[in-house]
Amino acid sequence: MLVIRTKHDIPTNYLYYYTEEIIEKAERRGFKVKIIEDQLEEKTLRKVIKKLKPRFIFFNGHGSSRALFNEKQEEFITTAASNLFQNTVTFARACSCLLELGGSAVSNGCNAFIGYNHPFWIARNHKSECHPLRDPVARPILEVSNAIAEELLKGRTVQEAVEKSHAKAADHILDLLFSKEPLASASLQALVANDTALDFKGNEDETIV
Amino acid sequence: MQEDIDYIKKLVKERLRAMSPDVSFSIGSYGDFTRDELIMEVDKNSEIGKAVIEMQLTFIKKMPQLLSKVQ
């Protein structure tokens with residue numbers, strides 16, 4: 001399993017800390033986890049993928065419809081390089097990249113590409129910015145997307161993992177709809193937006209085990 | 001048509017104003033925005049403002065479906 005993450009601004013900081021529990025769970029399940037978290041370059045990534053042949057790539061960071069961005073906010077994997085994802089299940093927790101990058105990756109041999117076809121929203125409480133894991137506003141949003149990786153690690157198919165995430169989102173949404181917590185509305189709106197944008201391309205029966 | 005757009009903007013801004021000022025949103029590589037900054041982006045009709053409107057409209061459209069799960 002290959003985890004790609006950076007920590008260069010507030011949203012990537014949140015994503016960074018929320019990948020920790022996925023890494024721990026993966027290791028407990030016997031996955032060998034390689035983490036790349038700085039100097040993100042296509043060349044480096046190609047070398048790592050060629051050597052380790054990961055079945056699962058979990059990208060956390062910024063993106064666009066056609067590219068993933070590195071810590072310098074530059075495109076480092078574009079549709080032109082999407083054969084990089086060949087023979088993997090890839091989950092890109094990044095804005096909009098399912099739209100073009102996902103389709104291109106699958107056309108170039110990626111088994112399945114899970115991602116978002118609109119921006120990925122993180123609602124936050126200002127007061128918790130230094131402690132992402134203690135931010136109650138962001139927690140449901142990131143737990144719901146973490147569910148995808150967790151389910152894949154359990155051996156569930158791509159389709160099952162995405163459905164589980166939708167189900168988890170529905171549970172949180174119903175709780176938040178009736179919450180009296182003043183910050184709940186922000187979590188709720190981000191959750192609905194992300195849940196609507198979540199989808200996958202490729203083989204629905206693919207697993208990573 | 002313009003009246004519809006103005007009405008939608010007004011609705012979206014009211015919904016944003018109803019949120020706590022302690023809340024911020026990260027919208028991918030667009031950056032981080034407070035509630036009041038999002039309201040300004042809607043007024044400016046910027047890309048972020050359009051993303052906010054789309055997000056709010058998605059939410060409003062989904063509400064009946066969400067509430068039907070409760071009944």
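## Conventions

Helix axes here are lines fitted to C-alpha atoms over the stretch in contact, and angles run from 0 to 180 degrees between N-to-C directions. Helices (H or I, at least four residues) and strands (E, at least two) are DSSP runs, numbered from the N terminus.

What you have above is a predicted model, in which local features need pLDDT of at least 70, side-chain atom pairs count only at pLDDT 80 or more, and totals for chains, interfaces and linings use all residues. Residues are numbered from 1 along each chain as its sequence is written, while chains are lettered from A and ligands numbered from 1 in the order in which they are written.

## A helix pair in chain A

Let's start with α4 (residues 139-153) and α5 (residues 158-177) of chain A, which pack at an angle of about 155° with their axes 8 Å apart. Because angles over 145 degrees count as roughly antiparallel, α4(A) is roughly antiparallel to α5(A). The crossing of α4(A) and α5(A) is right-handed (the near helix is turned clockwise from the far one by less than a right angle).

Residues of α4(A) that make the contact (C-beta atoms, placed from the backbone, within 7 Å) include A:Pro140, A:Val144 and A:Ile148. From α5(A), the contributors include A:Glu160, A:Lys164 and A:His172. By class, this contact has eight nonpolar, three polar and four charged residues; Ala, Val, Leu, Ile, Met, Phe, Trp, Tyr, Cys and Pro count as nonpolar, Asp, Glu, Lys and Arg as charged, and the others, Gly among them, as polar.

## Chain B on its own

Chain B has three helices and two strands, arranged along the sequence as α-β-β-α-α. Its C-alpha atoms fill a box of roughly 40 × 30 × 20 Å along the principal axes.

Of the 71 residues of chain B, 27% count as buried, that is, with 20 or more other C-beta atoms within 10 Å of their own, these atoms being placed from the backbone. Among chain B contacts between residues at least 6 apart in sequence, 30% join residues at least 24 apart.

## Where the chains meet

Now for the interface: 21 residues of chain B are in contact with 32 residues of chain A. On the chain B side, β1 (23-27) and α3 (47-68) each supply at least two residues, and α3(B) gives the largest share, six residues. By class, that side of chain B has eleven nonpolar, six polar and four charged residues.

The strands join in too: β8 (residues 121-125) of chain A pairs with β1(B) in the antiparallel sense over five bridges, where pairing takes at least two DSSP bridges. Within β1(B), B:Val23 is the bridge partner of A:Asn125.

Notes:
Contact = placed C-beta atoms within 7 Å. Buried ≥ 20, exposed ≤ 12 C-beta atoms within 10 Å, placed from the backbone. Parallel < 35°, antiparallel > 145°, perpendicular 65-115°, else oblique.
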